[in-house]
Amino acid sequence: MTAVIAYGVSVVGAVLGLLCTSRARATRGAGRARWLALAAMSIGGTGIWVMHFIAMLGSEVHGTPLRYDVPITILSMVLSIGVVAIGLFIVGFTTRSGWLFVGGAFTGAGVAIMHYVGMAAINLFGEIHYDPLLVAASVVIAVVAATAALWAAVNIRAFGAVILASFIMGIAVNGMHHVGMAAAEVMPHAASAGLGGMNGQDLLLPLVVGISFVTVMTLAIVALSPNAQEIAEERALQARIARVTNFH
C-alpha cells in the first residue's frame, strides 16, 4: 500500500513541478527564478523526497526496530530539493542543449546521493551493506530519470503531455528507489544499547505534512496564476505598448 501511495505522491509532485516550469519558460528574470524554485520544491520535495520516505515507512527489518537520525534525514531533504533546483536553474537559464546533460548528470547523481544519505539516517541493530552493481544501476536510473525530467521541463507544454510525462517520471523515480533498496543487505547483530533517533512516523509525519502544505500552496498558486500562454501573450502586449510609447 505504501508503494502505491509513494508512486501517487511522486506523480503529483512531477505534475506540479512541470506546470511551474511551463510558467517559468514564459517569464523572465526574477519571475522565472521564482517559478523554478517552486518547481524544485514540488519535484525535489514532494515528487522525490516525500516519495522516498513514504516508501521507507513500508520497509521492515526482521528482529530490529528502525530509528531515524534527525539531522541526516533533514539533510537528505535539503539535498533532494537543492540538486533539483540546480538542475532546473541550469536548463532554465541556458539555451545550449549540452547543458541539459550536465544538469541531468548533476541532478541524477544528487538524487542518488540523497537516497543513500536517507538510508544512512537509519539506525538499527545491524549493519547495512550494498551490492555495488545495484548501487551503480540505481545511479544510472537516477541520471537518466533526471535528464528526462529536465528535458520535459524545457520542452513539454500541453497539459495532457505534462500528465503523461509525470506518470513516466513517477515510474523512474520509484524504480530508482526500489533498485537502491534492493542493493541494501542488512547484517543483523544482537541488540545492545538503545537505538538513537526517532521513530519513523514520529519524525516523518511532521516533515511530510509540512511539505504537503507547501504542495497545496503551490497548487493554489498555479491554479490562480495565468498559464504559460497567457503570460506570453501579456508579455507580448507589454512589448508592443513599450514600442508604441518609445515611437511617440
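**Entry 1. Helices α5 and α6**

I began with a helix pair: α5 and α6 are roughly antiparallel to each other. I was looking at a predicted model. How do the axes of α5 and α6 cross? They cross at roughly 165 degrees and come within 8 Å. The cut-off for roughly antiparallel is an angle over 145 degrees, so the pair α5 and α6 gets that label. I noted α5 as residues 132-155 and α6 as residues 159-182. The crossing is left-handed. I then listed who makes the contact. From α5 come Leu-134, Ala-137, Ser-138, Ile-141, Ala-142, Ala-145 and Ala-149. From α6 come Met-169, Ala-172, Met-176, Val-179, Gly-180 and Ala-182.

**Entry 2. The whole chain**

I stepped back to the chain. How many helices and strands does the protein chain have? I found eight helices and five strands. Along the sequence I read the order as α-α-β-α-α-β-β-α-α-β-β-α-α. The chain has 248 residues, and 43% of them are buried. I looked up its accessible surface too, which is about 12,500 Å². Carbon and sulfur atoms hold 71% of that surface.

Next I checked contacts between residues at least 6 apart in sequence. Of these, 89% join residues at least 24 apart.

**Entry 3. Confidence**

Where is confidence lowest, and where is it highest? The lowest mean, 64, belongs to helix α8, residues 228-247. The highest, 90, belongs to helix α3, residues 70-92.

**Entry 4. Helices α1 and α5**

I returned to α5 for another partner. Helix α1 covers residues 2-25, and its axis comes within 8 Å of that of α5. The two axes cross at roughly 45 degrees. On the α1 side I wrote down Leu-18, Thr-21 and Arg-25. They meet Ala-149, Ala-152, Ala-153, Val-154 and Asn-155 of α5. I had already met Ala-149 in the α5 contact with α6.

**Entry 5. Helices α2 and α4**

I moved on to α2, residues 29-57, and α4, residues 98-120. Their axes lie 11 Å apart, at an angle of about 35 degrees. Is the crossing of α2 and α4 left-handed or right-handed? It is right-handed. Ile-48, Trp-49, His-52, Phe-53 and Met-56 make the contact from α2. Val-111, Met-114, His-115, Gly-118 and Met-119 make it from α4.

**Entry 6. Ser-76**

I picked Ser-76, which is in helix α3. Buried or exposed? Its relative accessibility is 0%, and buried means under 20%, so Ser-76 counts as buried. I set aside neighbours within four places in sequence and listed its contacts: Trp-49, Phe-53, Met-114, Val-117 and Gly-118. Trp-49 and Phe-53 are also in the α2 side of the α2 and α4 contact. Met-114 and Gly-118 are in its α4 side.

**Entry 7. Leu-100**

Leu-100 sits in helix α4. It is buried, with a relative accessible area of 15%. Beyond its neighbours within four places in sequence, I found Leu-100 in contact with Val-91, Thr-147, Leu-150 and Trp-151. I also checked Leu-100 against Gly-87. They are 13 residues apart in sequence, and their C-alpha atoms are 8.2 Å apart.

**Entry 8. Asn-123**

Asn-123 belongs to strand β2, residues 122-123. At 24% relative accessibility, I logged Asn-123 as partly exposed. Which residues does it touch, leaving aside neighbours within four places in sequence? The contacts are Pro-65, Leu-66, Arg-67, Asp-69, Leu-195, Gly-196 and Gly-197. Asn-123 and Pro-65 are 58 residues apart in sequence, with 8.4 Å from C-alpha to C-alpha.

**Entry 9. Thr-218**

My last stop was Thr-218, in helix α7, residues 200-224. At 1% relative accessibility, Thr-218 counts as buried. With neighbours within four places in sequence left out, Thr-218 is in contact with Cys-20, Leu-38 and Ser-42. I also looked up Thr-218 and Ala-39. They are 179 residues apart along the chain, and 8.8 Å separates their C-alpha atoms.

Technical notes: Residues are numbered from 1 along each chain as its sequence is written. This is a predicted model: local features need pLDDT of at least 70, side-chain atom pairs count only at pLDDT 80 or more; totals for chains, interfaces and linings use all residues. Side-chain values use heavy atoms; hydrogens and water are left out. pLDDT is the predictor's confidence in each residue, from 0 to 100. Helices (H or I, at least four residues) and strands (E, at least two) are DSSP runs, numbered from the N terminus. Buried means under 20% relative accessible area, exposed over 50%, partly exposed in between (1.4 Å probe, protein chains only). Contact means heavy atoms within 4.5 Å. Accessible areas come from the Shrake-Rupley method with a 1.4 Å probe; for residues, only the protein chains shown count as cover. Axes are lines fitted to C-alpha atoms, for helices over the stretch in contact, and angles run from 0 to 180 degrees between N-to-C directions. Angles under 35 degrees count as roughly parallel, over 145 as roughly antiparallel, 65 to 115 as roughly perpendicular and the rest as oblique. A crossing is left-handed if the near helix is turned anticlockwise from the far one by less than a right angle, and right-handed if clockwise.
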